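I opened this entry to go through the packing, the pocket and the aromatic rings. My notes follow in the order I looked things up.

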Amino acid sequence: MAALIALAACNFNRLYIETGSAAEEVAFEEAKNYFFKNDQTIPASPKITSEEEFHKLFGMATTMGKDGKPTPIDFSRQFVLAIVHPVTDVATEIVPVKVMAKRDTLFYDYELKVGEKQSFSIQPVSIIILDKKYSNREVVLSSLTAPKE
C-alpha cells in the first residue's frame, strides 16, 4: 500500500513539474432564459465574446415569475461559453460542473443528463458567463453523461 501511495505521489509531482503550474477554478454564472435561434448554425466553438455575436445566435425567452427575465450579460466585462446540442425529442439537460484555468487553456466540465423520449422536441442549450480576463484562452470541453433516472 505504501509503495502505491509513493508511486502515485511521484507521478503527481512529475505531472506538476512537467506542466509547470497548477490549475485554478474559475467562477461562472449560468445564464437563464435564452434560446438558440432556429435559423442559425450551431457554432464550432463555445466561446462568444461579443454582444453582437451572442444576439445573432440567441434570443431572450422571458417568462412569468420572479426569475423570468434573462440573465444580464455585460460583454464589456464578461464573455460566455455556450453549448448547443441538435434538436431532439429526448429529454436532455446540459449541466455545468466546473471550469478550470491552466496556462492558456480553460477546461470546462459539464454533465449531460439524458432522459426519456418525449412527445415534443427541444434544443438543449447551456450558457455560462465568465470574467473577460479569461476570454483569450483556448476552451476544452469535457462531457460526462449521467445515467438515466
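I take contact to mean heavy atoms within 4.5 Å. The model is predicted.

**Leu106**

I started with Leu106 and set aside its neighbours within four places in sequence. What is Leu106 then in contact with? I found Val26, Phe79, Val99, Met100 and Ala101. Tyr134, Arg137, Glu138, Val139 and Val140 are also in contact with Leu106.

**Cores**

Next I looked up the largest nonpolar core, which has 15 residues. Which of them touch the most other members? They are Val26, Leu81, Val99, Leu106, Tyr108 and Leu130. I then checked the strands. β6 (78-84), β7 (88-102), β8 (105-122) and β9 (125-131) each supply at least two residues of this core. The largest share comes from β8, with 4 residues.

**Rings**

I counted 5 aromatic pairs. I looked at Phe54 and Phe58, which form a stacked pair. Their centres are 5.0 Å apart, with 25° between the planes. The planes count as stacked because the angle is under 30 degrees. Phe54 and Phe58 are both buried.

Tyr108 and Tyr110 form a tilted pair, 5.8 Å centre to centre and 55° between the planes. Are these two tyrosines buried or exposed? Buried means under 20% relative accessible area. Tyr108 has a relative accessible area of 0%, so Tyr108 is buried. Tyr110 has 8%, so Tyr110 is buried too.

I also traced a cluster joined by ring pairs. Its members are Tyr34, Phe36, Phe54, Phe58 and Phe75.

**Pocket**

Last, I turned to the largest pocket. Its volume is about 360 Å³. How many residues line the largest pocket? I read 15, of which Ala31, Lys32, Asn33, Val125 and Ser126 lie nearest its centre. By class, I have 9 nonpolar, 3 polar and 3 charged residues in the lining.

Which strand gives the most to this lining? It is β7, with 4 residues. At least two residues each come from β2 (29-31), β3 (34-36), β7 and β9.

Conventions: Residues are numbered from 1 along each chain as its sequence is written. This is a predicted model: local features need pLDDT of at least 70, side-chain atom pairs count only at pLDDT 80 or more; totals for chains, interfaces and linings use all residues. Side-chain values use heavy atoms; hydrogens and water are left out. A nonpolar core is a set of buried Ala, Val, Leu, Ile, Met, Phe, Trp, Tyr and Cys residues joined through side-chain atoms within 4.5 Å. Buried means under 20% relative accessible area, exposed over 50%, partly exposed in between (1.4 Å probe, protein chains only). On a 1 Å grid over the protein atoms alone, a cavity is a set of points where a 1.4 Å probe fits but cannot get out, and a pocket is an open set with protein on both sides within 12 Å along at least five of seven lines; lining residues have an atom within 4 Å of a point. Grid points are joined across faces, edges and corners, and a volume is the space filled by probe spheres set on the points. Ala, Val, Leu, Ile, Met, Phe, Trp, Tyr, Cys and Pro count as nonpolar, Asp, Glu, Lys and Arg as charged, and the others, Gly among them, as polar. Rings of Phe, Tyr and Trp (its six-membered ring) pair if their centres lie within 6.5 Å; planes under 30 degrees apart count as stacked, over 60 as edge-to-face and the rest as tilted.
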